[in-house]
Amino acid sequence: MGYWTDRIGRKTMFIVDLLVFLVAAVLMLGVTQLWHVVSLGVLLGVAVGGDYAIGSPLLGEYTRAQDRGHHLGLLELLWNVGYVLSFLIGFVLLRAHPELWRVELATAAVPAIVILCLRHGLPESPRWLVAQGRVDEATASLAAVGATIHDEDYREDGSVPTAFRSLFVRDYLARTVFVSVFWMCIVVPYFALAFFQSEVLGVIGLEDPISAALLGTLVALVGAATGWLLVDRVGRRPLLVIPMFATAVFLAVVALSGTLHLPVAVTVVCFFGYLLFYGVMSILPGVYPLEVFPTAIRTTGMGFASAMSRVGAAIGTFLLPVALGAFGLSWTLAVLVVVCLVGGVVSLRLAPETARRSLTETGSIAGVGPHLVRREGNHR
């Protein structure tokens, strides 16, 4: 969907994506077989994945450089709010009425209907319109927010073919690798631990791991709120590099807790420390990927990076319970520590600083690069 969004427009694919989501959610009310649930779940997954590639770029292409991180970070923050609410709703609903599992699956239709109403009249991205040569439409769209196409934030950012191969040419390969790897290294440990948080906390030794898991989702939300407040103030790069290594340290302590005979309270605090720093950097997948690609392949790049992250999420979710049973908590967490360290090293090497810079600048070939930090002294 990222590729087609670059081809036919952000607004059109936004509406198509939401309609797919809505239909699949409503149909969940009538499922009677496992294959029904799986098929509709795949369709919902396609729609959710499409929204990753469409929503953030559309918002980012409308906002100005000085507060782009604020708006995009808010989008990711509200993702965490939604995750907490969904956990809470599922917990309460299924505890009280387990027979209503179909209703729980279909509740996704409620926010979809609300959002569909809100998206009515949504304007097209002015940057995409400019890239398509539709200058008059872009001018009218920007006039509504008191801007013009001559502003630095909305100028055309060069020409590159709208094609998957453009992500892997010399000028953009490092960016594609960076956004794919850092996003994957964020979600592999989190999805593994979040989906099986209660089991992990039970292994650690908590007597009420379900309630502690709910608390853990709130801790991650606090981290996301912190990242949102800091993303434009301290920049993207520190909010990625420091938490990457911090999560590795906290998970390493949890992994060694049995060997070191640490109290359960210390182990749990370190586990929550991982969740806190995960939350801080969790807003960046909605910020970084769209900033390092030009308009012609922005949603293509966002979609590809999102797809790689979902591969990582699926691997982590599938393998964690298998690894827990086969190797135990310590060795399982050790693997996740390595994942965090890989993300930290790649980010340290490749992450540019894009805060308070226009998309015209950051998306251009000369705008950012894997050696940006070293070249800053040379006016790059």
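**Helix packing and selected residues in the predicted model**

R356 sits in the loop between helix 15 (298-350) and helix 16 (359-363), where helices (H or I, at least four residues) are DSSP runs numbered from the N terminus. The structure is a predicted model, in which local features need pLDDT of at least 70 and side-chain atom pairs count only at pLDDT 80 or more, while totals for chains, interfaces and linings use all residues. Residues are numbered from 1 along each chain as its sequence is written, and side-chain values use heavy atoms, with hydrogens and water left out.

The backbone of R356 deserves a look to begin with. Although R356 is not a glycine, its phi is positive, at about 60°. Most residues other than glycine have a negative phi. R356 is partly exposed, with a relative accessible area of 46%; on this scale buried means under 20% relative accessible area, exposed over 50%, and partly exposed in between (1.4 Å probe, protein chains only). H261 belongs to the loop between helix 12 (236-260) and helix 13, and with a relative accessible area of 70% it is exposed.

Turning to helix 16, T360 is located in this helix and counts as buried at 6% relative accessibility. The side chain of T360 makes a polar contact with the side chain of R127, at 3.2 Å. A polar contact is a pair of N or O atoms within 3.5 Å; within protein, one must be able to donate a hydrogen and the other to accept it, and residues adjacent in sequence count only if both atoms are side-chain atoms. When residues up to four places away in sequence are not counted, T360 touches R127, E152, D153, Y154, R155, E156 and D157, contact being taken as heavy atoms within 4.5 Å.

T63 is found in the loop between helix 3 (34-62) and helix 4 (68-96) and is buried, with a relative accessible area of 11%. A polar atom of the T63 side chain lies 3.2 Å from the backbone oxygen of G60. G60 itself is part of helix 3 and is buried, its relative accessible area being 0%. Beyond its neighbours within four places in sequence, G60 is in contact with R68, L72, L290 and L359. The C-alpha atoms of G60 and L27, which are 33 residues apart along the chain, are separated by 33 Å.

L27 leads on to the packing of helix 2. The axes of helix 2 and helix 3 come within 9 Å and cross at roughly 150°; axes are lines fitted to C-alpha atoms, for helices over the stretch in contact, and angles run from 0 to 180 degrees between N-to-C directions. Helix 2 and helix 3 are therefore roughly antiparallel to each other, given that angles under 35 degrees count as roughly parallel, over 145 as roughly antiparallel, 65 to 115 as roughly perpendicular and the rest as oblique. Their crossing is left-handed, a term used if the near helix is turned anticlockwise from the far one by less than a right angle, with right-handed used if clockwise. On the helix 2 side, the residues that meet helix 3 are R10, M13, F14, D17, V20, F21, A24, A25 and L27, and their partners in helix 3 are L40, L43, L44, V46, A47, V48, G50, D51, I54, G55, L58 and E61. This contact comprises 15 nonpolar, two polar and four charged residues. In this division, Ala, Val, Leu, Ile, Met, Phe, Trp, Tyr, Cys and Pro count as nonpolar, Asp, Glu, Lys and Arg as charged, and the others, Gly among them, as polar.

Helix 2 (residues 10-27) also packs with helix 6 (residues 109-118), at an angle of about 150° and with the axes 9 Å apart. Helix 2 and helix 6 are therefore roughly antiparallel to each other, and their crossing is left-handed. L18, L19, F21, L22, A25 and V26 of helix 2 make this contact with A109, A112, I113, I115 and L116 of helix 6. The residues involved divide into 11 nonpolar, no polar and no charged.

Key
Helix = DSSP H or I, 4+ residues; strand = E, 2+ residues; numbered from the N terminus.
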